[in-house]
Amino acid sequence: MSVNKTYVSIGYASFGVLMGFSAFLVWNIVFKQPWTAAMGGLSGVLALWTLITHVMYQQDHWRTWLKGLKFFFYIGLFFSLLAVVAFISFLSIAIVNKESLNPRSLYLSCVWSFMSLKWSFLLSLSAHRYSREYADISILSDF
């Protein structure tokens, strides 16, 4: 019996939501580092959008709302660009300030910026794949 790839993607995105939101809480409450908390929270939100994308595909809701897939694709591209800019900024500030590796350093903000980049890329990728799958339906509905 084979495992459906969509179920694996749903599980992976659910794990990403839990990790992102837990990073948001830990770096806000325990370590008092708002930049790492913000990037962890952004990673959790992007993982949640990716989870919503997979669940809506599983329940076949995208068939009636193809413009939503395009919207999710462009949101993923926008946050990819934002995550790259944040990664470069945090890395350059951490190098200039000669920070050490501790929970309050900006190097961990770089890590969570990269995680946000990963989730925004996966959001765009899944939206693109699902819209390609439904492309024949949009062609037929034009007539």
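This text walks through the structure from its overall fold down to single residues.

The model is predicted. Start with the fold. The secondary structure comprises five helices and zero strands. Along the sequence, the pattern reads α-α-α-α-α. The C-alpha trace spans about 60 × 30 × 25 Å along its principal axes.

Next, consider how the chain packs. The protein has 143 residues, and 36% of them count as buried. Take the contacts between residues at least 6 apart in sequence. Of these contacts, 74% join residues at least 24 apart.

The accessible surface is about 8800 Å². Carbon and sulfur atoms account for 73% of that area. The charged side chains number 10 positive and 5 negative. The centres of these two sets are 13 Å apart.

One nonpolar patch deserves a look. Phe24, Leu25, Val26, Ile29 and Val30 make up this patch on the surface. Together they have about 430 Å² of accessible area. Ile29 belongs to helix H1, which covers residues 5-29. Is Ile29 buried or exposed? Its relative accessible area is 56%, so Ile29 is exposed, the cut-off for that class being over 50%.

Move on to the charged pairs. How many salt bridges does a search of the whole structure find? The search finds one. Arg63 forms a salt bridge with Asp60. The closest N and O atoms of the pair are 3.0 Å apart. Where do the two partners stand in terms of exposure? Arg63 has a relative accessible area of 40%, so it is partly exposed. Asp60 has a value of 33%, so Asp60 is partly exposed too.

Finish with a residue inside the protein's buried set. Ser80 lies in helix H3, which runs over residues 66-96. Its relative accessible area is 14%. Buried means under 20%, so Ser80 counts as buried. Which residues does Ser80 contact, leaving aside its neighbours within four places in sequence? Ser80 is in contact with Leu117, Ser120 and Phe121.

Ile29 in helix H1 is exposed. Ser80 in helix H3 is buried. Ile29 is part of the nonpolar surface patch, whereas Ser80 is in contact with Leu117, Ser120 and Phe121.

Conventions: Residues numbered from 1 in each chain as written. Predicted model: local features only at pLDDT ≥ 70, side-chain atom pairs only at ≥ 80, totals over all residues. Heavy atoms only, no water. Helix = DSSP H or I, 4+ residues; strand = E, 2+ residues; numbered from the N terminus. Buried < 20%, exposed > 50% of the residue type's maximum accessible area, 1.4 Å probe, protein only. Contact = heavy atoms within 4.5 Å. Areas by Shrake-Rupley, 256 points an atom, 1.4 Å probe, with all protein chains shown as cover. Lys, Arg positive; Asp, Glu negative; His and termini not counted. Charge placed at Lys NZ, Arg CZ, Asp CG, Glu CD. Patch = residues over 30% accessible without salt bridge, like charges linked within 9 Å, V, L, I, M, F, W, Y side chains within 5 Å. Salt bridge = Lys/Arg side-chain N within 4 Å of Asp/Glu carboxyl O.
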